[in-house]
Amino acid sequence: MNNFYEIIEKNQKLEKPALVDDLQSISYKDLFVLCNNLSSYLASKKIRKADRIAIFLPNSIEFALSFFSCLNIGAIAVPINPKFKKNEIQYYINDSNPKLIITSDTLRTVLLETNNKLEKKIISLKGEEVDLDIFNHKYLGDKLNINSINENDKAIYLYSTGSTGIPKRVTRTHKNLISLANNHSETVGLDKSEKILFTLPISHTYALGNFIAAIKSAMTCYLQGDFNRKKVTQIIEKEKITIYPCVPFILDVLAESNIDPKSFKSLKLLISAGAPLSKEVFDKFSEKFGIHPRQLYGSSETGIISINLEKDITSTLGSVGKPVKGVTVKIIKEDGKDANTNEQGEIIVKSETMTTGYDNLPEETKEVFKNGFYYTGDLGYVDKNGLIYINGRKKLIINISGNKVDPTEVENILSSHPKVKEAAVIGISNQSSHESIKAFIVCNEKTEKGEIIVYLKNKIADYKIPNIIEFVENIPKSPTGKILRNKLG
Amino acid sequence: MSEELKLKIKEIIINKFQLEIKTAQFDESKPFIEYGVGLDSVANLELILEIEKELKINIDEAEIGSEILFNFKSLYNFINKSI
């Protein structure tokens, strides 16, 4: 099958729930009908092939319907994290220039505070005063011209956190997404009997890959906007969830919390990605719940790269596994030559699921997309069994429980504060290997920490705000003016 | 008990957020945001876990909204009621 329209059309014959969120549950038949309804509505709004539609919603049935409807009519879906603040929203809107923004009543206010000129583009599908009651909206009758969509047409814009202060736009095509869904579901052996819970945003590459693979496999997807221990435990226990994609922080929190291990007995596959899983968290979780987390590796540029499905998980727990179907992974040494087994180098990836470059950034593209491979910037090795191990990264990125933060972006905003002369930002790890952000600030005049935080809070997402701020006399730098981050700590 | 509890919570917060103050200097009315506390869901959950562990209580993070994490007083009142 070449597109998600055909996949959902095929799955509609199964009488089973497709999507379940806090408010309702819809079957695969409903999913097919509602996507057609919304697609026809979007078409009636003169949305055409390659027009962008921003989706500013948390995990919800409305998000899923919007996403698949964009794909149906050949529009490009642009998911925007609902936790973003004014400056960030403005950046993504300016960069993608959407013809329409699908959101909720509550988030409409956030968008209008960002830019009141957006009003004409906004459609609320969620809340008390929706613009379109999608669940009661009748199909307008225009048959979708699904044949007009080519597999190489653009399907979605994702953004990759760089180390230049600006997120880089990554376009993934219909073929990229279909290959991702096929390869992941075949590698893992997904089938329609599985039930998967999402508390991580399906707008991000990690959960998105798992989500589209789940839909392809006709699984039931439970969508939660946020992670809440009590709710997660209740859903897993009551609904007998079998698969749960997590980040190590969530595993740590669950292992440390007062939860009856029996509540998780239905879980068969617990995926950990977004950040390295430490042995400490792996052991704590495995011991308490009797199930071993499995590391998965991926990126916005490539989608899912590998997953550890080894039988002997205890001796390979540090590995992100073998490449999923259709993905080639190589390790390249600094001199550009292929590394031998167990030899350290940069991880490079080639697959049908990956993008071919960053939009409008030829220099950055040339740097990391070479000879059909994507140079991930992650350092690691492959052992004699073909298992990939990651043990470092070349890029300047801080990983806050799976949320990637570009220190340069935070430094730029800090330096725009009138009392700040300069700033440097680094990631620091705690005993469970979770990173948090620390800022070193040189001020022009006496400044309170609170002043800086209030300033940042209005400009960037909360997870990007440094937890620790230290006022210093100067920032260590190289003769060329580069911040010497290894001298900070 | 209440002074002991207050002291304990202050210690947890000071350690967790590496605040460069002593417990006696902790301004109970000062908004947490000015201390860099309660900024994001990850840090909040870490703080809740720490409080649960140290005080041997269970907290539903859904109940810990911005009004609870407004300042020390509001957090203390909430915890005191949970015990």
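In what order do the elements of chain B run from the N terminus on? The order is α-α-α, and chain B holds 3 helices and 0 strands; helices (H or I, at least four residues) and strands (E, at least two) are DSSP runs, numbered from the N terminus. The model is a predicted one, in which local features need pLDDT of at least 70 and side-chain atom pairs count only at pLDDT 80 or more, while totals for chains, interfaces and linings use all residues. Residues are numbered from 1 along each chain as its sequence is written, and chains are lettered from A and ligands numbered from 1 in the order in which they are written.

The C-alpha atoms of chain B fill a box of roughly 30 × 30 × 20 Å along the principal axes. Of the 83 residues of chain B, 31% count as buried. A residue is termed buried if 20 or more other C-beta atoms lie within 10 Å of its own, exposed if 12 or fewer, and partly exposed in between, with C-beta atoms placed from the backbone. Among contacts in chain B between residues at least 6 apart in sequence, 56% join residues at least 24 apart, a contact being a pair of residues whose C-beta atoms, placed from the backbone, lie within 7 Å.

Chain B meets chain A through 16 residues of chain B and 21 residues of chain A. The side of chain B that touches chain A comprises 9 nonpolar, 3 polar and 4 charged residues. In this classification Ala, Val, Leu, Ile, Met, Phe, Trp, Tyr, Cys and Pro are nonpolar, Asp, Glu, Lys and Arg are charged, and the others, Gly among them, are polar.

Chain A contains 13 helices and 25 strands. Its radius of gyration of 23 Å is close to the 23 Å that the globule rule gives for 489 residues, so chain A is as compact as a globular protein of that length. The C-alpha trace of chain A spans about 65 × 55 × 50 Å along its principal axes, and 51% of the 489 residues count as buried. Of the contacts in chain A between residues at least 6 apart in sequence, 65% join residues at least 24 apart.

An automatic or database domain assignment supplies the domain bounds, giving domain 1 (4–379) and domain 2 (398–487) of chain A. The centres of these two domains, taken over C-alpha atoms, are separated by 29 Å. In chain A, 22 residues of domain 1 are in contact with 17 residues of domain 2. On the domain 1 side, α4 (86–96), α9 (248–256) and α10 (279–289) of chain A each supply at least two residues, and α4(A) gives the most, with 3 residues. By class, this side of domain 1 has 7 nonpolar, 9 polar and 6 charged residues.

The largest nonpolar core has 163 residues, and those with the most contacts inside it are I53(A), I55(A), A77(A), F198(A) and C221(A). Such a core is a set of buried Ala, Val, Leu, Ile, Met, Phe, Trp, Tyr and Cys residues joined through C-beta atoms within 7 Å. Helix α3 (residues 61–73) of chain A provides the largest share of this core, 9 residues. The core draws at least three residues from each of domain 1 (4–379) and domain 2 (398–487) of chain A. Residues up to four places away in sequence aside, the contacts of I53(A) include I47(A), C70(A), A77(A) and L100(A).

Within α10(A), the residues V281(A), F282(A), F285(A) and F289(A) are buried. The buried residues of α10(A) pack against α9 and β13 (293–299) of chain A. The face of α10(A) turned away from its buried side carries the exposed residues K279(A) and E287(A). Just after α10(A), G290(A) adopts a positive phi of about 70°.

Positive phi also occurs at A218(A), about 60° in a residue that is not a glycine. A218(A) lies in the loop between α7 (205–216) and β10 (220–223) of chain A and is buried, with 22 other C-beta atoms within 10 Å. N360(A), likewise not a glycine, has a positive phi near 60°. N360(A) is placed in the loop between β17 (345–351) and α11 (362–368) of chain A and is exposed, with 10 other C-beta atoms within 10 Å.

Notes
Contact = placed C-beta atoms within 7 Å. Rg over C-alpha atoms; globule rule 2.2 N^0.38 Å.
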